[in-house]
Amino acid sequence: MNTDLADAADQAARLDSVRSDLAWIVESVPDLYQLRLPGVRRRASDRALTPAARAALDELTRAERADRRPGERILGASPAPVAVGIIDDIARLLAGAVELADRISWNAGVVDISPPSTAYDFRALGPHLAHIAAHLADAVATDPDALSLAEHFAARARRTLERTLSEGGDGQVLTTLCAWCHGATATAPAGGERTLTVRLVAGEPLIVCSSDVCAPPAEDCGTWLHGHPAWREHEWEWLAKHL
């Protein structure tokens, strides 16, 4: 009897965990969908930038835009109409949700939910995940494996969203050009590439030039990250003036 109670309690806890993950995913999917658009910033970092650092970072973008002539396009700065990786994430999440929801419906003895209009119909994700959460317990009663499948799906989907949303500015590419290499790289010697990127290293934000040919003099750069010049947060105001 004690074993049965323990098993029931374990199953209840697992169901609650899956439902919690599914609810988090439903809440976060609109943020993921917005990131498909070029120029959308990611969520605020747990290690937030100071007001001075954020102002300096914003100044870099304003300076670049002010210097650009009307209609001028910067080499390497033309974004895709949408972020293809984000669209792929949405399609994979939706495909997994549809497959799991169909299995849940069959084993719980309920009517299937309406299918998505397209493979990228992010609005269909919420109803499918809610359907899974609502009928998972009934499905598990006839198909014990459904719980493990739901756990795997929910955990993987949550990891995907957490990685993509990234909880921060890590990886944010700046539109302004590096003052020392002017966006030149070994594969783009003419320059114009967007090589300046915000990186979080050991909790500290850095602006790093990813160019493989950038070599500012020692007096202009005292920090290097894996062979690339980098500027620490307290240097960003100075950096903005140089850019």
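R19 is partly exposed, at a relative accessible area of 29% (buried is under 20% relative accessible area, exposed over 50%, and partly exposed in between, with a 1.4 Å probe and protein chains only). The model is a predicted one, in which local features need pLDDT of at least 70 and side-chain atom pairs count only at pLDDT 80 or more, whereas totals for chains, interfaces and linings use all residues. Residues are numbered from 1 along each chain as its sequence is written, and side-chain values use heavy atoms, with hydrogens and water left out.

The side chain of R19 forms a salt bridge with that of D16, at 3.3 Å from N to O (a salt bridge is a side-chain nitrogen of Lys or Arg within 4 Å of a carboxyl oxygen of Asp or Glu). D16 is likewise partly exposed, with a relative accessibility of 49%. Both residues belong to helix α1, which spans residues 2-34, and they are 3 residues apart, about one turn of the helix. Helices (H or I, at least four residues) and strands (E, at least two) are DSSP runs, numbered from the N terminus.

In total, the structure holds 5 salt bridges. Another of them joins the side chains of D89 and R92, with an N to O distance of 2.7 Å. These two residues are about one helical turn from each other, because they are 3 residues apart in helix α3 (residues 84-108). D89 is buried, at 6% relative accessibility, whereas R92 is exposed, at 55%.

A salt bridge is also present between the side chains of D21 and R158, at 2.9 Å from N to O. D21 is in helix α1 and R158 in helix α5, so this pair ties together parts that lie 137 residues apart in sequence. D21 is buried, with a relative accessible area of 16%, and R158 is partly exposed, at 22%.

The largest nonpolar core comprises 33 residues, and L22 and L136 have the most contacts inside it (a nonpolar core is a set of buried Ala, Val, Leu, Ile, Met, Phe, Trp, Tyr and Cys residues joined through side-chain atoms within 4.5 Å). Two or more residues of this core come from each of α1, α3, α4 (125-142) and α5. The largest share, 9 residues, is that of α3. Apart from this core lies another, of 13 residues, which includes V198, C214, W236 and L243. When neighbours within four places in sequence are left aside, L136 is in contact with L15, V18, I104, A146, L147 and A150 (contact means heavy atoms within 4.5 Å).

The loop between α5 (145-165) and β1 (196-201) contains A188. A188 is buried, with a relative accessible area of 16%. Beyond its neighbours within four places in sequence, A188 is in contact with G183 and E193. The C-alpha atoms of A188 and S211 are 9.6 Å apart in space, and the two residues are 23 residues apart in sequence.

T195 is also found in the loop between α5 and β1. T195 is buried, at 3% relative accessibility. With residues up to four places away in sequence not counted, T195 touches C178, C181, G183, T185, V208, C209, S210 and S211.
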